[in-house]
Amino acid sequence: MLQRKAVYALVFVVYGLTWTLLPSAANTSLGRDTIQIIYWGQEWQAGYFKHPPLIAWLTEIVIFLFGRHDVAIYALSASIMLASFAAIHHLARRYVCPDAALISVVALPAFGFYSFIVPHFDHNIILMLPWCLTILFGYLAVEERRAWAWPLLGLSIGIGILSKYTILILPFLFLIHVVWTPRHRALLLMPRAWLAVGLCFLVAAPHIYWVVANDLAPLRYFRDGAGLADAASSFFSRHILNPLDALSGMVGMSVSAMIVMLGALGLPKLRRRAMSSQDGFLLLATFGPVGLVLLLSAVTGGEMRLEWATTFFLTLPLVLMRWVYSAPGHMQVGRFLAWSSGLAVAMATTYLLIFIGVTPVVEESKWARFPAKLLAAKVTDAWAQVCDGPVPVLVGDSWLAGTAAYKSADRPRVYTEADPYMAPWLSDAKVRASGAVIVWDMDLSGRYRDIDHQDPPKAGEPMDWFPGIAAMEQRFGPITTLPEVVLGYHGPVFQDPVRLGLAVIPPEKGCHSKR
């Protein structure tokens, strides 16, 4: 028992330190989604145009407690993953022996979903914990009839709604399980089940109200992201290729974990066992989300992006240990730890090579060494050339303006692409009153825009958000244009420097000029 606990402690301390310290050492800037989340957190909104608010609130609390240090954000992401693994272990102990439960959890970092993407803190990461807790408390409430689990189930789903709407897949599947299983149907009439529903809505109510009041903005973002409004593609492409492409992507992200299990435990062999209600629950929680989204993709023609499936495989190793592998002996556990450790080293090495620029196969790896502090200094200096005092607002691309705001001592607010839909806490009138610094990429390629990199601009849409100084002056009044700034990248691999434009919108009532 003590030896098993020591193994757990060692494996997950190394995991936490690796995915906290490695990106801290390799990167000089945070990823696109993380930066956006950080400047959202300044505003304490009940929702944002793309997603629910919990991650922005949590990130702002961490920044308040620990300061604006990248390592704190990486540590937060790794901590959420470790707490999720702990929830999976509690579930696994109800299905398999202790050693098999150990493997069910230690196998998880072998998935690309649960290692390589951990430094890119986003809504898919924060969803992990409420997803795992919802499955755990759902099992305890439904299968073990634990009365105390029902309110915790409702709270978990409510917190999940505040994290990402993907959580709604689970209560839908639980309802199917309850209705399908005769002995569970009476649960639908029990007050404790409706207490869970009430708690869920109580937690999510402020955000639900915000969504309705803001014209269903996150749902429209999902619709656009899934291509549900795209009628240009062929029927075959939308209804056949889209779900097949999604399935192949999910299989690809699971290959590394399957290699570890095959290498350490041998070929799988289906074990004959009577199907219990508990088994049905686990299988539905594991394969139901995959099947449901593939079915929706086939019916609607929508595109399912790979990152949306991040949470779907958290219970897959447990299913394999219950259904296709026998209880492991000490030799098998040792072999599994050796295989998983080797893969962990390979993943960490691959991450390092990509994000220091040796093998820049991921688009955002080109940003990892961006001179973020120098950018913030240039923006602050631009404001100081025209006005005294702290920089009040930055107008620009989500990532460029957000990075400058995050690294600036002034921590200005961000008016994303000068668009009040994307940043409803500001308006043209407020920016005219306070003044602002405009920052834009002189390349005008749109590479830092608030769009996913895999999506080209829609027909008729410009490549970049910046319309030119003349157009900006029509909205904000006189603007002081400053010389362009050239910033070079850090790192062992040469990368073309970035040319940035800077301009200052003076406050309407004027400010003390520095000239």
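## A salt bridge to start with

E143 and R183 pair up in a salt bridge, with 3.3 Å between their closest N and O atoms. (For a salt bridge, a side-chain nitrogen of Lys or Arg must sit within 4 Å of a carboxyl oxygen of Asp or Glu.) This pair ties together distant parts of the chain, 40 residues apart: E143 is in the loop between helix 6 (123-142) and helix 7 (149-163), while R183 is in the loop between helix 8 (169-180) and helix 9. Helices (H or I, at least four residues) and strands (E, at least two) are DSSP runs, numbered from the N terminus. Searching the whole structure turns up twelve salt bridges. Side chains of opposite charge can pair when their charged atoms come close.

A word on what you're looking at: this is a predicted model, where local features need pLDDT of at least 70 and side-chain atom pairs count only at pLDDT 80 or more, while totals for chains, interfaces and linings use all residues. Residues are numbered from 1 along each chain as its sequence is written, and side-chain values use heavy atoms, leaving out hydrogens and water.

## Two domains

The chain is split into domain 1 (1-210 + 235-356) and domain 2 (370-505), with bounds that come from an automatic or database domain assignment. Taken over C-alpha atoms, their centres are 35 Å apart.

UniProt, in an unreviewed entry, puts the feature "domain: Glycosyltransferase RgtA/B/C/D-like" at residues 50-210; such annotations may be inferred rather than shown by experiment, and the positions follow the numbering used here, with feature names shortened. That span, residues 50-210, is 70% helix and 0% strand, and its end C-alpha atoms lie 12 Å apart.

## Where the domains meet

In contact terms (heavy atoms within 4.5 Å), 25 residues of domain 1 touch 30 residues of domain 2. Together the two domains bury about 2,400 Å², 48% of it on carbon and sulfur atoms. Buried area here is the accessible area (1.4 Å probe) that two parts lose on being put together, summed over both. R32, Y39 and R68 provide 30% of what domain 1 buries against domain 2, more than any other three residues.

Three salt bridges cross this interface. Elsewhere in the list of pairs, K407 and D70 join their side chains in a salt bridge at 3.2 Å, N to O. On the domain 1 side, helix 2 (32-41), helix 3 (54-66) and helix 4 (70-92) each bring at least two residues to the side that touches domain 2. Helix 2 gives the largest share, six residues.

Most residues other than glycine have a negative phi. D215 has a positive one, near 60°, and sits in the loop between helix 9 (191-213) and helix 10 (217-225). E417 also has a positive phi, near 50°; E417 lies in the loop between strand 2 (413-416) and helix 17 (428-434).
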